[in-house]
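Thanks, everyone; I would like to walk you through one model this morning, going from strand pairing to a pair of annotated residues. Please have the structure open while I talk.

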Amino acid sequence: MSLLRPSAIYNFVTSYPALRWMPCQSWGFLRWPGLDGFLRLMVVGLLWSTFSELRFIPSSSMFPTLRVGDRIIVEKFLQASYYIKNPSIHDIITFKDPTQLYGENTETVFIKRIVAKAGDAVEVHHGVLYVNGVAQQEDFIAQPPAYTIPLTTVPNDHVYVLGDNRNNSYDSHVWGPLPMKNIMGRYVTCYHRPTNI
């Protein structure tokens, strides 16, 4: 039983003669949702805040995939689910700064793409990324990397992450493999992109 009465808009629309011709079988969607509707809304809001978050892209390190000013949705649930399901190559993840010292209050969050998992051998030379000796076809990067990475094996419970804007990204080519405990979530989608970019 609903604890709230139908809205004034609902009463007006259903009683006004000129609107009776409209081919709508029920105007129930104009009524207040009632207690059960509010409870559903609260559950959805709680699940949303628990398992996802909104983020703002402040730098061009993931260009052209993500641009400065983009607003994105991040799936936070993956942080826990990575203990069940291994991360996939090409997942775009958010994570805590691995160079941050323990006890520092500033929590810098990065967003990069996973290019290799634990046990993989990674190297970069002549502008090409090699994983386990195989050259990677990466049509999503801004330009080929201008740096080299000596052959590096990704240790257990780590991943190797690089930005899509390879020459303008603070990532694993600077500080090495990323501990999986630093992962905070996975990029789901971009929900707003500024029109002036």
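Two strands count as paired if DSSP finds at least two bridges between them, and the strands themselves (E, at least two residues) are DSSP runs numbered from the N terminus. This is a predicted model, in which local features need pLDDT of at least 70 and side-chain atom pairs count only at pLDDT 80 or more, while totals for chains, interfaces and linings use all residues. Residues are numbered from 1 along each chain as its sequence is written, and side-chain values use heavy atoms, with hydrogens and water left out.

With that in place, strand E3 (residues 92-96) is joined to strand E11 (residues 183-192) by 3 bridges, the two running antiparallel, and Thr-94 stands opposite Gly-185 in E11. E3 is also joined by 5 bridges to strand E4 (residues 109-116), again antiparallel, where the bridge partner of Thr-94 is Ile-111. Because 4 of the 5 residues of E3 are buried (under 20% relative accessible area, 1.4 Å probe, protein chains only), this strand is largely enclosed by the rest of the structure.

Strand E4 also holds Lys-112, which an unreviewed UniProt entry lists, together with Ser-61, under "active site"; such annotations may be inferred rather than shown by experiment. Although they are spread over 52 residues of sequence, the largest C-alpha distance is 7.9 Å. Ser-61, in the loop between strands E1 (52-56) and E2 (71-75), counts as buried at 7% relative accessibility, and Lys-112 is buried at 3%. Their side chains make a polar contact at 2.9 Å, that is, a pair of N or O atoms within 3.5 Å, one able to donate a hydrogen and the other to accept it, where residues adjacent in sequence count only if both atoms are side-chain atoms.

Definitions and conventions
Buried < 20%, exposed > 50% of the residue type's maximum accessible area, 1.4 Å probe, protein only.
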